[in-house]
Amino acid sequence: MARSSKAAVVLCLDVGFTMSNSAPGEESSLEQAKKIMMKFVQRQVFAESKDEVAVILFGTDGTRNDLASGDQYQNIIVHRSLMLPDFDLLEDIQDVIKPGSEKADFLDAIIVCMDLLQKETIGKKYEKRHIELFTDLGSPVSEDQLEIIIANLKKTGISLQIFLPFPVDVDDGGGDVSASVHSHMHRNSFPKKGLTEQQKEGIDVVRKLMHTLDEEGGLEEIYTFRESLERLSMFKKIERRPMAWPCQLTIGSNLSIRIVAYKSVTEEKVKKIWTVVDAKTLRKDDVQKETVYCLNDDDETEVQKDDTIQGFRYGSDIVPFSKEDEEQMKYKTEGKCFSVLGFSRSSQIQRHYYMGNQVLKVFAAKDDENAAVAFSALVHALDELKAVAIVRYAYDRRCNPQIGVAFPYIKDAYECLIYVQLPYMEDLRQYLFSSLKNNKKCIPTADQLSAVDSLIDSMNLVYENDDGETFEDLFKPSKIPNPHFQRLYQCLQHKAFHPNEPLPPIEQHLLEMLEMPCVVKERCQAPLEKVKALFPLKEVGKKKEEKTAQDIFKDNSEDGPNPKKPKIEDEEGSFSIIKLAEGNVTSVGSVNPAEDFRILVRRKNADFKDVSQQLINRIDQFLENKGAQYYMKGISCIRVFREEAMKLSKVQCFNDFLQALKSKVEDKALADFWEILIQDRISLITKDETEESSVTSEEAEKFLAPKEKKNETLPPTDEGGDVDDLVSTVKR
């Protein structure tokens, strides 16, 4: 049975009257402490943590705890027993917890916390038990039971953390404590000249606790409110338990090694599913969704779902393909598979071939000595030969097989294979680009190369420290949370408490998260200026108009129009060879539809709407046939349509066509054709290009983006864990 990894946490908050004191315009210590507690609980809620949280208040006007009797343990309230954190707890911290007018000994509060943890964790399994104390040490404290508290904390394994509104110099055993208050830290509620005598006495007690418990790892450090807010500013990631994927690594038909794999890297998705609810009741059950199928006729005749069948578009035809056919078509495997197809040099596997949505770490099966020896031999052989294994991988019998590569990976603590999926032929995208080496204009000078080298060196995110041995990594993916998740959780938490208010602005730390580190920004200024000087940007004049066939063959009469500026309407009496060909064009043909369209719409009294409809019909034919050559013909037609619509002030006609085309593309699954449109940046005509349009540049940019597809139902897969978890699991 898996070991329980949940913890029991007691948040112990001082609400006494000194916690509410603050200078004008400054935040009280109580408000700061509540902010920290809010951040902590928010992280637990959105991380779907199994940790249970209790809240105890001291310095309250009333008393409610199991130890209270006579004048003992007064003004201490158990506000909430151990349970999973939720939005009710967040509301309590934000709105219900109010400042008290009494004083209470924080050591008494710790004893009440210990009592609660002892009683409410009996018969339950918790990996850790914590007490987190928030106080300004402004209340009287009695050391009578200090030794008992220390002994019980050690005995029960309960850890203690203390959060104060000011930093404490823990290394200095005496002297003026106020000297340890740094003026650059967060504004505090205590007088700026120093701490009160009561706070100094409290710090002495905290020091005794710290020095005694530190040997046992009970209290490692004291946190300031400012430091804690910075640490808790990020929402906690959802914790994943390492889930093993046992299988057999096979080489040929005679060699089989028992293995177990874990997900090391995989894209994290937002688990919460958006759902439609009634706007007034906010209940999902009050809204029902119903899908109706209708014929595409005037009466929109309803068709029962049983009378429909799915079809697959094959050219211009629809091939009926039932669910049974689809199920029968699926690739059938005997079961999970991790089979070596052969070996290759590691240099043959190009970095841009890596694909898929996960990286697996593969280990020898636990407690199998023969498997461990054979697997280790394979890993070390691959490493020595600088080779990799090409592997056929199937998660289970329901999944299509993948081709992947397994790299050897050897560390001091463990060794494994790292599996990454490789592409099939259809997954590769081939593009041809002209060589920069053959263009003399593109060959950089020695100074330019040196300047770029210096820029790269200055922007290095891994640099050597002053000691010459330690390397510091400024960009650690394991420390950078996904800004999308952080912003989503921030907005959800805000809406939970303020449903009618607008969303808050994006927090500054989210905006700065993926910015260039300050150290790098300062370091690269000089190299950037040098690059700017060596690679000057010059404004290019208007590009020369290209000569057309009409320009070449037109008569160069002195009295005629400028040959570089072809006119839309031909003058009477002018003659050219090209006009002979134009005279034969009566409709938009299939051989050269773009040029036919251009000729027809430029004629006198041409009906633009009729001619454009002919062009649209040709475009539809090209899309029905599918294929690269037909797609490129369609693109040429759309480009000419756009140009002529702008020249002849028929902007709305083109924009309506492109809107309708997008719907057709989505209905007929022509994503590859739309991708070409995106690459060529062919979008709606905007008002920046012509006054006749009402479309903004932002709308035109957004228009090109395809609709998001609904997530397909995938077979269930086990979730992986952190690398440290993998190692600890393998060691057990």
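Predicted model: local features only at pLDDT ≥ 70, side-chain atom pairs only at ≥ 80, totals over all residues.
Seven bridges join strand S1 (residues 7-14) to strand S2, and the two run parallel. Two strands count as paired if DSSP finds at least two bridges between them. Strands here are DSSP runs (E, at least two residues) and helices are runs of H or I with at least four residues, both numbered from the N terminus.

Residues are numbered from 1 along each chain as its sequence is written, and side-chain values use heavy atoms, leaving out hydrogens and water.

Let us stay with S2 for a moment. The strand spans residues 52-58, and seven of its seven residues are buried, that is, under 20% relative accessible area with a 1.4 Å probe and protein chains only. In a regular strand the side chains alternate between the two faces of the sheet. Here Glu-52, Ala-54, Ile-56 and Phe-58 point one way, Val-53, Val-55 and Leu-57 point the other way, and all are buried.

| Strand pair | Bridges | Example of facing residues |
|---|---|---|
| S11 (residues 311-314) and S12 (residues 317-320) | four bridges | Tyr-314 and Asp-317 |
| S15 (residues 387-394) and S16 (residues 402-410) | five bridges | Ala-389 and Ala-406 |

The hairpin of S11 and S12 has two residues between the strands, and Gly-315 takes a positive phi near 65° there.

S15 and S16 also belong to a barrel: seven strands close in the order S7-S8-S14-S17-S16-S15-S13, with mixed pairing. From one strand to the next, the twist averages 40°. Helix H8 (residues 369-385) lies across S7, S8, S13, S14, S15, S16 and S17, running at about 65° to S17.

Finally, a helix pair. H9 (residues 446-458) and H13 (residues 525-534) pack at about 155° with axes 9 Å apart. Axes are lines fitted to C-alpha atoms, for helices over the stretch in contact, and angles run from 0 to 180 degrees between N-to-C directions. H9 and H13 are therefore roughly antiparallel, the term for angles over 145 degrees. Their contact (heavy atoms within 4.5 Å) is made by residues including Ala-451, Val-452 and Leu-455 of H9 and Leu-528, Val-531 and Leu-534 of H13.

Methods
Parallel < 35°, antiparallel > 145°, perpendicular 65-115°, else oblique. Buried < 20%, exposed > 50% of the residue type's maximum accessible area, 1.4 Å probe, protein only.
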